[in-house]
Amino acid sequence: MAFQMKHTFSKQILFVALTFLLPLATSAQTDNGVSFFPNKSIGFLGLMTSLIIIIVGLVFLLVLKLNTVTAHFLNDKNLTKKDKFKKYFNNLSTSEIEILKKKQKQSNKIISVLIIGVISLLPQVTFAQTAPANRAHLFSEPGVIITLVLVFIPLFFALLYLAIKVNKGFNQFFNSQKIKEAEELAAYLSSPENIPPIEKLEELKQKLDYSLSSTELSGTEIAEDKKGLLKSISSETNYRYFAVKRPPIKRPKIDPQLTKLILWFLGTAVFWLFVGSSVGEYVGIKFIAPDADTFSWLSIGRLRAVHTNLVFWAWATIGIMGLGYYIVPMVSNAPLHSIKNGWTALICVNVAMLVGGISLMAGINNGGGEYREIIWPIMAVWAYGLMLTVINFIKTVAKRTTHEIYISNWFIIASYIFILIVAIIAYIPMGQDGIGETIVQGYYMHQAVGMWFMFSMLGVLYYLLPQQLNKPIYSYSLGVLAFWSQILFYTVIGTHHFVFSALPWWLQTVAIVGSVGMLIPVTAGTINYLMTFRGSWGKISNSYSLPFFFVGVIYYFTGSFQGTAEAFRSTNLIWHFTDFTIAHSHITMYGIITFLLFGSIYAIVPRLTGKEPPQLGVGAHFWLALIGLQFYTIPLMIGGTLKGLMWAEGKPFIDSVVMMGPYWLWRAIGGTLMWLSHIVLAYNMYKMMKPTIEIDVKEKAFELINQNIDTNAVETKI
């Protein structure tokens, strides 16, 4: 019943949110161009309508939550104490039984009941609205509309703040009622007539403590080979370990300081994802409304660099670093070498990205170097953070208590070594005159994607996928094959972006051959991951992280094969310089890297905080991101192909620009859905990291009883 009410409550939230967003997403096309307010008077009506919808929605949600809370306590109020507390006797633990036995044996029958008052102030808010003046033309004035918008913004946030405060009041009231119920349960159990007899408690305890002797099938006699049938026995395997039914293995406890560090890495990464994708969302809107603003800081040329650098070097990089700080010590079975260096690395990369983003918007950049627009002094601070991290990891692996180095650490540490080498080569100006700069650019941007983002996330997947499926990786050998073959082939494919350029023909051919060779590690890795899934497909629907991992694996196969297909001269002739390349980059960086990061966050954060994300929130995040990615990439692939064919036919360039209009609109729609999914992710992160204590009535009651027993014992001694 409670689950159904929560599910209904979540559905209502989604409905109200979509209702509110619908008018904001509506636009009209006029003869003069795109106009979001073709009739300016509608702007005022839209604002008022949106405000009313928000007020009604918030009131509805608060009433629904009040109804949910009161229904729970009204049901309990109609029950007798015996029936009300019966549910708490069904799953007593050994320690709780011991407490009841102590209470039953205690001679004094002092009842200690702590009464906590209910503090719940429900703010009452009255909204008054006067009828608008009959002068309709007044609301068509731009100044009036701007004033109303400025008034609407703080009013919206005031309503949102009010809803948060009222919701907090409900939660406080609900927790106070739980404490009160725990006190009533403690008082009920403090009466000897309400406690089962000691004999019954002892019987219950014996059932809980019962364990197999491991000799039920084998007997107690020592095996002896009198007939000499067994020879050359060098070891004896204790198979009884698998026969004994053991309780679930507790999750390994992680150093609280390391937990805090990891959560800060992942939390700041999600923040940069929101900022970077918000910039990308605005750039996507400017493709269909290019005259949205005239500020130089918000020009497409600058914002595009801000978007790519923040989602590359802030979101994905910081997220990968946080995952590494969790996985490397875990698979090494050793503590992290230096948590202090981890904090230093976190500060370095975040400060570098903050300053780098501002400098790019101000027009201070590295010129034409794609993905390396941030100037070298800033990126040097970023690289220092990565250098501290890889040294930290290497020293942690050196202190490992396991004999082997698990393949996850192979991939993760190698990726740091590669990205530092790539960054140094990219920013040192030697050999970057003329065509040399093009060669370095091809090397840099492809190695950053394949030998940093892809390499490190594959290593993360080799740890988290078996962990989430609770089974070993299908083949360690396939993992080793993928590791070395990717190093062999991926390091030479950068120049396939410059086919038919002034680069040496043989260098272009080597890049194409390397691109074809990438089918080996991609096929090996995909088989390894999918075969690990084999037999456990049913777990996908019951997991937060596995759907993201599965999508990431599928895109790893399709996106990588697509990259190979693009490398051939015949296909490159059509697709190069078109929007097809943009679609491909989002398939790889979003469909693979970002989806794997999403799944990793949902796999790790609950283990660190002990709090699960909201089920509806994870579902909304998954589907918004996946559907948004389809709306983004498929139209761009179709439009990009048509654009390349138009160029091949010699059509005027402006014709291809006009032709791309509808496809860019779909790009903006898909980008908006992806951006909304990031807002949902931020909310899910907040729920998983929210510093609140969920009160367990039974646990709280036995805590009170135990305190009462200890107090009485002290008074008796005195």
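This is a predicted model: local features need pLDDT of at least 70, side-chain atom pairs count only at pLDDT 80 or more; totals for chains, interfaces and linings use all residues.
**Exercise 1. Aromatic rings**

Solution: A search of the whole structure finds 44 aromatic pairs. As for accessibility, Phe271 is partly exposed at 47% relative accessible area, Trp272 counts as buried at 6%, and Trp575 and Phe580 are both buried.

**Exercise 2. Packing of H10 and H11**

Task: Describe how helix H10 (residues 339-361) packs with helix H11 (residues 376-398).

Solution: The two helices pack at an angle of about 160°, and their axes are 8 Å apart. Because angles over 145 degrees count as roughly antiparallel, H10 is roughly antiparallel to H11. The crossing of H10 and H11 is left-handed. The contact of H10 with H11 comprises 13 nonpolar residues, eight polar and no charged; among those taking part are Ala345, Cys348 and Val349 in H10, and Trp382, Tyr384 and Leu386 in H11.

**Exercise 3. The setting of Trp297**

Task: Locate Trp297 and determine which residues Trp297 touches, not counting residues up to four places away in sequence.

Solution: Trp297 lies in the loop between helix H8 (256-288) and helix H9 (300-332), and is partly exposed, with a relative accessible area of 41%. With that sequence exclusion, Trp297 touches Arg302, Leu303, Ile358, Met361 and Ala362. The C-alpha atoms of Trp297 and Gly363 are separated by 7.4 Å, although the two residues are 66 residues apart along the chain.

Key
Residues are numbered from 1 along each chain as its sequence is written. Side-chain values use heavy atoms; hydrogens and water are left out. Axes are lines fitted to C-alpha atoms, for helices over the stretch in contact, and angles run from 0 to 180 degrees between N-to-C directions. Helices (H or I, at least four residues) and strands (E, at least two) are DSSP runs, numbered from the N terminus. Angles under 35 degrees count as roughly parallel, over 145 as roughly antiparallel, 65 to 115 as roughly perpendicular and the rest as oblique. A crossing is left-handed if the near helix is turned anticlockwise from the far one by less than a right angle, and right-handed if clockwise. Contact means heavy atoms within 4.5 Å. Ala, Val, Leu, Ile, Met, Phe, Trp, Tyr, Cys and Pro count as nonpolar, Asp, Glu, Lys and Arg as charged, and the others, Gly among them, as polar. Buried means under 20% relative accessible area, exposed over 50%, partly exposed in between (1.4 Å probe, protein chains only). Rings of Phe, Tyr and Trp (its six-membered ring) pair if their centres lie within 6.5 Å; planes under 30 degrees apart count as stacked, over 60 as edge-to-face and the rest as tilted.
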